[in-house]
Amino acid sequence: MKTASRGGRPRTRAATGPRSRRRRWLAILAAAAIGAAAAIGISRIDFEGAIREVTLPLRHDDIIRQQAAEKDLDPALIAATIYAESKFRERERSEAGARGLMQVTPATALEIATKSEGTEFVVEDLFNPDINIRYGSFHLRELLDRYGGNEVAALAAYNAGPSNVDEWGGSSLELDGIGFPETHAYVEEVLEKRQAYSSEYAGDLGLGG
C-alpha cells in the first residue's frame, strides 16, 4: 500500500521471491494434486477444480462482488489484486506491516476509516476478510480516480506509492515507465491474473458468460 514507500523503494509484498520459484512450487502442488486424484479416483471435473483451487484460488467472492458493485470496480481486478498481494491467505502479513488479503497497512486503513466515516479502527480488523477487502477496494478506487482510470498507474501506486507513480508520469504512466522491477512485475501479474479470473470465475464474480 502507499504508506509503505514514500519516495523510496516499494514495500515488500507478502509474497516475495522470484516468479520462477513460485511456478516451481505451484508445479509441485499440482503434481501432488494429480497423485491425490489418482489415488482416490475423483472425476476429471473434480480434478480440474482441485488444480484451479491450487493455481488460481478464489474465496470471499460474495464480498468481492459486493465491493465491486459499490465502488464501481471490476471484480476480477479485485480478485487479481488479492492474488498478487496474499494468494487469498487471510492472515498474511508483510515485513512492512501490511495485513490481510489485500495487504492493507494500518496507516492506510486508519486514513480510509476516517474518510469513509467508518467505525473505530482496530488493527486486528485487517485480518477480517470483509473489512480488508472493503478497505483495499476503497483504496484501489481512490487510486483509479487519482490517475484518471489508468489501471497501470493505479496498480503501481498500490504497490509502490503515489509519490513514485507521480515521478514516473502519473496518469500517463505506461507499463514500461515503471521505475521499480518489483512494481513492474507486480502490475504485470495483476493484469495477467485479472484475465484469468475473468475467464475461470466469470459466474462466481458475477461477470456473466
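## Confidence

pLDDT is the predictor's confidence in each residue, on a scale from 0 to 100. This is a predicted model, and local features need pLDDT of at least 70, side-chain atom pairs count only at pLDDT 80 or more, and totals for chains, interfaces and linings use all residues. Residues are numbered from 1 along each chain as its sequence is written, and side-chain values use heavy atoms, with hydrogens and water left out.

Averaged over the chain, pLDDT comes to 85, with 74% of residues at 70 or more. A stretch to treat with care is residues 2–7, where pLDDT stays under 50. The model still gives that stretch 23 contacts beyond four places in sequence, a contact being heavy atoms within 4.5 Å. Where pLDDT is low, the predicted coordinates should not be read in detail.

## Overall layout

What does the chain look like in secondary structure terms? It has 9 helices and 0 strands, and reads α-α-α-α-α-α-α-α-α along the sequence. Helices (H or I, at least four residues) and strands (E, at least two) are DSSP runs here, numbered from the N terminus.

Of the 209 residues, 46% are buried; buried means under 20% relative accessible area, exposed over 50%, and partly exposed in between (1.4 Å probe, protein chains only). The accessible surface of the chain is about 10000 Å², and carbon and sulfur atoms account for 50% of that. Those areas come from the Shrake-Rupley method with a 1.4 Å probe, and for residues only the protein chains shown count as cover. Take the contacts between residues at least 6 apart in sequence: 62% of them join residues at least 24 apart.

## Asparagine 132

Asparagine 132 sits in helix α6, which covers residues 129–146. Its relative accessible area is 0%, so asparagine 132 counts as buried. Who surrounds it? Beyond its neighbours within four places in sequence, asparagine 132 touches Arg99, Gly100, Leu101, Met102, Gln103, Val104 and Leu126.

With leucine 101 there's a polar angle too: a polar atom of the asparagine 132 side chain lies 3.4 Å from the backbone nitrogen of leucine 101.

## Salt bridges

The structure holds 13 salt bridges, each a side-chain nitrogen of Lys or Arg within 4 Å of a carboxyl oxygen of Asp or Glu. One of them pairs glutamate 142 with lysine 115 at 2.9 Å, N to O. Glutamate 142 is in helix α6 and lysine 115 in helix α5 (residues 106–115), so this pair ties together parts 27 residues apart in sequence. Both ends are partly exposed: glutamate 142 has a relative accessible area of 26%, and lysine 115 comes in at 43%.

Glutamate 151 and arginine 194 form another, with their closest N and O atoms 2.4 Å apart. Here helix α7 (residues 151–160) supplies the glutamate and helix α9 (residues 181–200) the arginine, so the pair ties together parts 43 residues apart in sequence. Glutamate 151 is partly exposed at 25% relative accessibility, while arginine 194 is buried at 14%.

Which residues do salt bridges with shared partners join into one network? They are Glu70, Lys71, Asp130 and Arg134. Within this group, the side chains of glutamate 70 and lysine 71 meet at 3.0 Å, N to O. Glutamate 70 is partly exposed, with 46% relative accessible area, whereas lysine 71 is buried at 10%.

Note on methods:
A polar contact is a pair of N or O atoms within 3.5 Å; within protein, one must be able to donate a hydrogen and the other to accept it, and residues adjacent in sequence count only if both atoms are side-chain atoms.
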